[in-house]
Amino acid sequence: MKVTIAEACGFCYGVRRAVDMASQAETGTKTLGPIIHNPQVVARLSAQGVAPVDSLDEVGDGETVLIRSHGVGPSVYEEASRRGIRVIDATCPHVKKAQQDAKKIVEEGKNLVIIGEKAHPEVISISQWGANRAIIIDREIEAEQIPFSESLGVVVQTTFSQEQFKRIAEILKTKTNDLDVHMTICTATQQRQNAAVELAGKVDAMIVVGGRNSANTGRLAQVCREQGCPTYHIETAAELDTAAFRGMNHIGITAGASTPDWIIQEVVDIMENLQAEGTEVMSEELLDQY
Ligand code: F3S
């Protein structure tokens, strides 16, 4: 039996950067919300004295707060500055760009449309940089309902689906004479999905590792299932039922953008232990040579 790890999986650039910044932060630093959607990482950081809080109300004057990769609106920076709170800004640079684009669109006097999930913290932060004037949509029917206006500026949630974005953008073209689209989708999510789809087409079963509350991990499991591949979404290695893979020849492993390397490695180690029964672990790169 072969075990193959997806070419692109696990922490994306922005999440790795935020977790590294949190790991290096001094004890007593608060993160505004959980640093990532992974309970094991949040628990590890809390044990190091870097714990999440819901708002700046729970951060004392002069203390340190870390802003996670999703980013926050301008009012958080303003309040922190007023109260002498030190800010460690781990906003992903791709999200920062989307926030600045939203601000520019509003300053130019255009109507702002954000394509993304209304309740997602990143979308909320982008909307706040757009002076809370954005129309937020994620479905074609919502795009249809937007009234015609002279100029429209569009910003997209970094993790939004490329295909859905294209369908919505086509409709928005009919809603203005001047459409200014800022393509702010980040490729990390797409790369992980493409790698998962490719691998799911080659293996007998996929193991998807990541938090149950992580939307991008759930989506990875979904795209694997859509390939007709039996797919097991587990949060940690402890949930791995090796008996389920008995009789299979080739297993694929992928992980969401909020899954740390050490949790992926634990799963790989268990599968490696099956090697005694004829398992070998190969990276996608090595497989390509065969
Ligand atoms: Fe940033 Fe893209 Fe990750 S926007 S947080 S690198 S998915």
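Mentor: One term before we start. Two strands pair if DSSP finds at least two bridges between them. Also keep in mind that this is a predicted model.
Trainee: Okay. Then which residue stands opposite Ile207 in E11?
Mentor: Tyr232 in E11 stands opposite Ile207.
Trainee: How many bridges join strand E10 to E11?
Mentor: Four bridges join E10, residues 205-209, to E11, and the two strands run parallel.
Trainee: And which helix goes with E10 and E11 in the β-α-β unit?
Mentor: Helix H9, residues 215-226. E10, H9 and E11 form a right-handed β-α-β unit.
Trainee: Where do the side chains of E11 point?
Mentor: They alternate along residues 231-234. Thr231 and His233 point to one face and are buried.
Trainee: Switching to strand E6. Mostly covered or mostly open?
Mentor: Mostly covered. E6 spans residues 111-115, and four of its five residues are buried.
Trainee: What does E6 pair with?
Mentor: Strand E8, for one: residues 149-156, in the parallel sense, over five bridges. Val113 stands opposite Val154 in E8. E6 is also joined by three bridges to strand E7, residues 135-137, and these run parallel too. There, Ile115 stands opposite Ile137 in E7.
Trainee: Through which helix does the chain cross from E6 to E7?
Mentor: Through helix H5, residues 121-129. That β-α-β crossover is right-handed.
Trainee: What about the loop between H5 and E7? Which residues there have positive phi?
Mentor: Ala131 lies in that loop, and its phi is near 55 degrees, a positive value in a residue other than glycine. Asn132 is in the loop between H5 and E7 as well. Its phi is about 55 degrees, positive although Asn132 is not a glycine.
Trainee: Is Asn132 buried or exposed?
Mentor: Exposed, because 11 other C-beta atoms lie within 10 Å of Asn132. The cut-off for exposed is 12 or fewer.
Trainee: And how many C-beta atoms for Ala131?
Mentor: Ala131 has 15 other C-beta atoms within 10 Å, so it counts as partly exposed.
Trainee: On to the ligand. How many residues surround it?
Mentor: 14 residues. The closest are Cys12, Gly14, Cys92, Thr158 and Cys186.
Trainee: Which helices supply at least two residues of that shell?
Mentor: Helix H1 (13-24), helix H4 (93-107) and helix H8 (187-200). H1 gives the most, with three residues.
Trainee: How does the shell divide into nonpolar, polar and charged?
Mentor: Eight nonpolar, six polar and no charged.
Trainee: Why does the ligand lie between domain 2 and domain 3?
Mentor: Because domain 2 (13-92) and domain 3 (94-185) both give residues to the shell around the ligand.
Trainee: What are the bounds of domain 1, then?
Mentor: The domain assignment gives domain 1 as 2-10 + 190-288.
Trainee: How far apart are domain 1 and domain 2?
Mentor: Their C-alpha centres lie 31 Å apart. The contact between domain 1 and domain 2 takes nine residues from domain 1 and seven residues from domain 2.
Trainee: What sort of residues are on the domain 1 side of that contact?
Mentor: On the side of domain 1 that touches domain 2, three are nonpolar, six are polar and no residues are charged.

Terms used:
Residues are numbered from 1 along each chain as its sequence is written. This is a predicted model: local features need pLDDT of at least 70, side-chain atom pairs count only at pLDDT 80 or more; totals for chains, interfaces and linings use all residues. Domain bounds come from an automatic or database domain assignment. Two residues are in contact if their C-beta atoms, placed from the backbone, lie within 7 Å. Ala, Val, Leu, Ile, Met, Phe, Trp, Tyr, Cys and Pro count as nonpolar, Asp, Glu, Lys and Arg as charged, and the others, Gly among them, as polar. A residue is near a molecule or strand if its C-beta atom, placed from the backbone, lies within 6 Å of it. A residue is buried if 20 or more other C-beta atoms lie within 10 Å of its own, exposed if 12 or fewer, and partly exposed in between; C-beta atoms are placed from the backbone. A crossover is right-handed if, with the strands pointing away from the viewer, the path from the first strand over the helix to the second runs clockwise.
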